[in-house]
Amino acid sequence: MPKILLIEDDISFCKLLEKFLVKKAFDVTIAFSAAEARVYIKKESFDLILTDLRLPDADGIVLMTEFKTSHPEIPVILMTGYSDVNTAVKAIKNGASDYISKPFNPDEVLLVITNALQTAPAEKETVKEKRIPAKEASSENEFVKGISVASKKLLEHIKLVSPTDMSVLIIGESGTGKEIIAKSIHQQSHRKNNNFIAVDCGAIPKELAASEFFGHLKGSFTGAISDKTGYFEAANGGTIFLDEIGNLSYENQIQLLRALQERKIKPVGSNKEIDVDIRIITATNEDLRGAVRNGDFREDLYHRINEFSIQSPSLTERGEDLMVFADYFLEKANHQLNKDIIGFSPEVVAIFQKYNWPGNLRELQNCIKRATLLSQGDFIESDVLPIEFFQTEKTGSSGSFSLSENEKETIIHALSRTQNNKSEAAKLLKITRKTLYNKLKQYNID
């Protein structure tokens, strides 16, 4: 199986191309920057390098020359959306095996790659380190590492607090993955070999909270037909995660505070206290500080659970991660539904990037799973998306860029604003460069 190093900073396009190449029996390693590519080229052996001409930290031709100097046997193919003959000639003269202009079709990609591999030197020695396929790697841990500033900050905070026993309060909108963050903290702690118990505080009636948390003895109240082990005892030695803690009644808050302070619990109907050694992680989508000021949440409990707080960013705060998560959820849906969808059409990517995602990651996952089930071709197309994606949104900001109205004029304005820098224009329009190139062709914009 030929190994390809794919270097491309447009994440959605890169993942789409990776899916296509993997389906065509290539082993693909992706790098989103020149720096990342240099790391891979030192650790692994490749049969071909496919690199974008314009990268955020290097010029593609300069990078190609660097690789041809250190690895002259590896053919290099350049990709670019700036398809002038002079650049193509310069690339070939500097050692490129071939040159592809964006946007390009799949048949062209396969033809160029096949030709380059056929003219390459004899097969190199076996690779010493084998890359873990994406499906296997992602199945080990549901926490997906994003590349946005918000995601990097989140990852840094998780890394810092995980080895400690500090109580952590995770704050964020519904659907942002607070339980996954909590699991990641547990899995990176010294308690990882013990239980992780997740509890939805909003689903527990206040009359039964003590029994659920601390257990009860048979006959201690009507309906107690047998002894019950509570969540705290079940989590002994491990971690207990209390989601939506703001929903606990004031009485239940007092019971919880006492257990956390004394690290002892007493099952309902029992006179015997049980020592517990647990780490507590809590989460809320409410303003607990405001609840404290209003007298709805105990201040002493708030400080007890908030030794360290983590913000779980919304999907709109981590726009750069959108297609990273989309690709992960597609991979997961393919596995669950026994499908083999390669990726998302450019139109769907543009729709996703314009949508405000009120349900955050949960909505994205549900949308992709449904679309995967309905899709019949290789790519998810717009006709399988829910109707809410096509409802016109009202915007009060005259300075914002949108492709929902006056599309051609908006694109021209964005290009003018960025001095015809198409990468920057695509970012301003919140679409991929691939989509922008398609729009330029559609409207005959030079």
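**From surface to strand**

Modeller: The protein exposes about 22700 Å², and carbon and sulfur atoms supply 48% of that area; accessible areas come from the Shrake-Rupley method with a 1.4 Å probe, and for residues only the protein chains shown count as cover. This is a predicted model, in which local features need pLDDT of at least 70 and side-chain atom pairs count only at pLDDT 80 or more, whereas totals for chains, interfaces and linings use all residues. Residues are numbered from 1 along each chain as its sequence is written, and side-chain values use heavy atoms, with hydrogens and water left out.

Biologist: What percentage of the 446 residues count as buried?

Modeller: Buried means under 20% relative accessible area, exposed over 50%, and partly exposed in between (1.4 Å probe, protein chains only). Here, 48% of the 446 residues count as buried.

Biologist: How many helices and strands does the protein have?

Modeller: Helices (H or I, at least four residues) and strands (E, at least two) are DSSP runs, numbered from the N terminus. The protein has 19 helices and 16 strands.

Biologist: Which residues lie on each side of strand 6?

Modeller: Strand 6 spans residues 76-80, and five of its five residues are buried. V76, L78 and T80 lie on one side, I77 and M79 on the other.

Biologist: Which strands pair with strand 6?

Modeller: Two strands pair if DSSP finds at least two bridges between them. Strand 3 (residues 48-52) pairs with strand 6 in the parallel sense over four bridges, with I49 opposite V76. Strand 7 (residues 98-101) also runs parallel to strand 6, joined by four bridges, and there T80 stands opposite S101.
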